[in-house]
2 protein chains.
Amino acid sequence: MHIVGERINTSRKAIAPAVEGRDAEYIQKVARDQVGAGADRIDVNAGTLVDGEPDALAWLVQTVQDAVDAPLCLDSPNPAALAKALPLHKGKAMINSISAEKERYRRIVPLVKEYGSAVVGLCMDDEGLPDTADRRVEIAHRLISDLADDGIPADDIYIDPLVRPISTSSDAALVVLETLQRVHERHPAVHFICGLSNVSFGLPARRLLNQAFLVLAMGAGLDGAILDPQDAGLMSLLRAAEALLNRDSFGLHYIQAFRDGKLAVTP
Amino acid sequence: MHIVGERINTSRKAIAPAVEGRDAEYIQKVARDQVGAGADRIDVNAGTLVDGEPDALAWLVQTVQDAVDAPLCLDSPNPAALAKALPLHKGKAMINSISAEKERYRRIVPLVKEYGSAVVGLCMDDEGLPDTADRRVEIAHRLISDLADDGIPADDIYIDPLVRPISTSSDAALVVLETLQRVHERHPAVHFICGLSNVSFGLPARRLLNQAFLVLAMGAGLDGAILDPQDAGLMSLLRAAEALLNRDSFGLHYIQAFRDGKLAVTP
């Protein structure tokens with residue numbers, strides 16, 4: 001499972017002032033804590049700063065990579081911000097995200113190619129985010145085919161099926177699970193990633209729904225997630241699901257996590 | 001989800017003396033607590049008593065049904081015990097279990113017919129429990145077809161794919177998930193049921209693995225489980241998975257469980 005730590009995002013209350021004030025020490029601690037908790041990659045998002053986004057994203061890349069060896073997920077649809085941040089990034093960056101929206105695709109894919117980045121492709125196009133699995137699968141196939149034509153290797157592609165709240169459409173999670181399963185079957189070399197928390201919007205005990213959704217999505221083929229690696233309950237279920245899905249032979253990583261005291265046994 | 005409460009089993013330390021000593025008060029409390037926690041059906045198992053099993057099972061049926069309205073799961077492969085207990089049972093009993101073993105099938109299916117019971121069919125035959133999903137699916141299809149020939153309605157059939165520990169064969173959970181998915185696709189009217197705890201045998205933090213396995217299996221089509229309904233963490237994830245899989249429209253039962261204080265939000 002490719003775990004992308006989500007905490008460095010200026011939409012979070014503690015992060016915005018730290019980024020605006022260029023508080024390197026604080027940001028580096030947030031990065032280190034996430035890597036320590038199991039993040040394979042650190043998401044950086046300065047989208048709320050609008051005009052300040054390019055400078056802030058560039059600063060975040062340098063600041064975070066001064067503190068941790070992990071590669072980053074540059075979480076921006078803004079080509080100007082990406083163009084400023086990518087040259088500073090060490091290792092294989094992930095660009096989050098493109099979609100099948102023509103303009104967005106046309107402006108960002110050249111950056112993916114130039115820097116050999118991984119890229120997140122959202123299952124939406126110029127008509128928006130479709131309700132049905134059929135249409136999302138169709139968009140995913142089109143994205144994968146276009147990216148292949150542009151020379152992006154399958155191993156660098158992460159499809160995000162996009163999760164809507166089950167409180168507003170009760171088949172929202174099922175649509176994602178079916179999309180994952182069908183795209184995975186046809187493109188076994190392509191990766192998948194998504195955020196979890198949208199699914200539980202408007203319902204109580206949201207962390208419980210996010211946890212169950214992560215496990216269901218892993219069963220359907222999800223092999224990456226943008227999440228809070230310091231959520232011990234979530235990470236413990238993730239490790240358990242890896243062992244059950246034979247992505248962790250004989251549970252060796254699971255056992256190691258237990259020995260390290262990292263498994264939160266739920267009540 | 002059809003939830004079968006597993007606690008009344010003489011292999012459990014507190015239950016054996018209570019059954020041997022015919023302690024109705026204690027057994028009735030264990031039954032009531034399980035129904036209160038969400039069990040739809042109560043399992044009764046007196047298998048360890050050997051020669052005493054028929055009398056004990058008959059006593060359990062009367063004792064438990066004097067206390068709760070729920071139907072029971074008669075957990076015995078012993079035709080003599082079943083024959084003694086079934087006439088005393090009110091409502092639709094569940095017989096757990098038959099298999100594709102010829103002798104076992106031949107001796108128990110007449111009881112299923114005579115009493116109009118539901119029946120659990122294990123995915124094993126006279127050659128034992130197969131390692132592969134292919135062979136388990138084949139056995140399930142054969143069982144379903146034989147039961148149909150014997151006049152048992154699909155709605156009364158619960159296929160148990162049988163779970164082995166992932167610690168001894170690392171694809172053990174995957175085999176179950178694939179079996180569920182394939183049999184469910186071909187026989188959408190048939191039900192599924194299984195126990196959870198075998199999967200985690202030999203590994204630490206077993207409840208975590210059992211929880212993740214339940215969610216994965218529900219995603220693959222499981223619609224019944226034999227479990228401890230008083231395990232709040234497990235039941236909470238079960239309710240969350242039901243909401244996500246659109247088996248609980250707009251999460252209404254989930255919300256009710258939250259309001260009743262029954263959701264254990266994990267750490």
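Student: Let's start with the contact between chain B and chain A. How many residues does each chain put in?
Tutor: The contact draws on 42 residues of chain B and 42 residues of chain A. Keep in mind that this is a predicted model.

Student: Which helices of chain B supply the side that touches chain A?
Tutor: Helix H7 (172-186), helix H8 (206-219), helix H9 (232-244) and helix H10 (252-259) of chain B each give at least two residues to that side. The largest share comes from H8(B), with nine residues.

Student: What's the class make-up of the side of chain B that touches chain A?
Tutor: That side of chain B has 29 nonpolar residues, ten polar ones and three charged ones.

Student: OK, on to symmetry. What rotation superposes chain B on chain A?
Tutor: A rotation of 180° does it, with 0.0 Å of shift along its axis and an RMSD of 0.0 Å. That is the relation of a two-fold axis.

Student: Then what percentage of the contact residues of chain B recur in chain A?
Tutor: The figure is 100%: the same surface serves both copies.

Student: Let's go inside one chain. Where do the domains of chain A run?
Tutor: Domain 1 of chain A covers 2-230 and domain 2 covers 231-267. The C-alpha centres of domain 1 and domain 2 of chain A are 23 Å apart.

Student: How many residues does each domain of chain A bring to their contact?
Tutor: Domain 1 of chain A brings 19 residues, and domain 2 of chain A brings 13 residues. Between them, domain 1 and domain 2 of chain A bury about 1,200 Å², with 65% of that area on carbon and sulfur atoms.

Student: How many salt bridges does the rule find between domain 1 and domain 2 of chain A?
Tutor: One salt bridge is found across the interface of domain 1 and domain 2 of chain A. In chain A there is a salt bridge between the side chains of A:Asp231 and A:Arg207, at 3.0 Å from N to O. For polar contact, the rule finds seven residue pairs across the interface of domain 1 and domain 2 of chain A, both residues at pLDDT 80 or more.

Student: Which helix gives the most to the domain 1 side in chain A?
Tutor: Helix H8 (residues 206-219) of chain A does, giving seven residues to the side of domain 1 that touches domain 2. By class, that side of domain 1 of chain A splits into nine nonpolar, seven polar and three charged residues.

Student: New topic: backbone geometry. Is the peptide bond from A:Asn96 to A:Ser97 cis or trans?
Tutor: The bond from A:Asn96 to A:Ser97 is cis, with omega near 25°. A:Ser97 sits in strand S4 (residues 94-100) of chain A.

Student: And what about the bond from B:Asn96 to B:Ser97?
Tutor: The peptide bond from B:Asn96 to B:Ser97 is cis too, with omega near 25°, and B:Ser97 is in strand S4 (residues 94-100) of chain B.

Student: What is phi of A:Ala205, positive or negative?
Tutor: Phi of A:Ala205 is positive, near 50°, in a residue other than glycine. A:Ala205 lies in the loop between strand S8 (194-195) and H8 of chain A. As background, most residues other than glycine have a negative phi.

Student: Last one: where is A:Pro71?
Tutor: A:Pro71 is in the loop between helix H3 (53-67) and strand S3 (72-75) of chain A. Leaving aside neighbours within four places in sequence, A:Pro71 is in contact with residues including A:Asp40, A:Arg41 and A:His89.

How values were computed:
Residues are numbered from 1 along each chain as its sequence is written. Chains are lettered from A and ligands numbered from 1 in the order in which they are written. This is a predicted model: local features need pLDDT of at least 70, side-chain atom pairs count only at pLDDT 80 or more; totals for chains, interfaces and linings use all residues. Side-chain values use heavy atoms; hydrogens and water are left out. Contact means heavy atoms within 4.5 Å. Helices (H or I, at least four residues) and strands (E, at least two) are DSSP runs, numbered from the N terminus. Ala, Val, Leu, Ile, Met, Phe, Trp, Tyr, Cys and Pro count as nonpolar, Asp, Glu, Lys and Arg as charged, and the others, Gly among them, as polar. Domain bounds come from an automatic or database domain assignment. Buried area is the accessible area (1.4 Å probe) that two parts lose on being put together, summed over both. A salt bridge is a side-chain nitrogen of Lys or Arg within 4 Å of a carboxyl oxygen of Asp or Glu. A polar contact is a pair of N or O atoms within 3.5 Å; within protein, one must be able to donate a hydrogen and the other to accept it, and residues adjacent in sequence count only if both atoms are side-chain atoms. Copies are superposed by least squares on the C-alpha atoms of residues with pLDDT of at least 70 in both.
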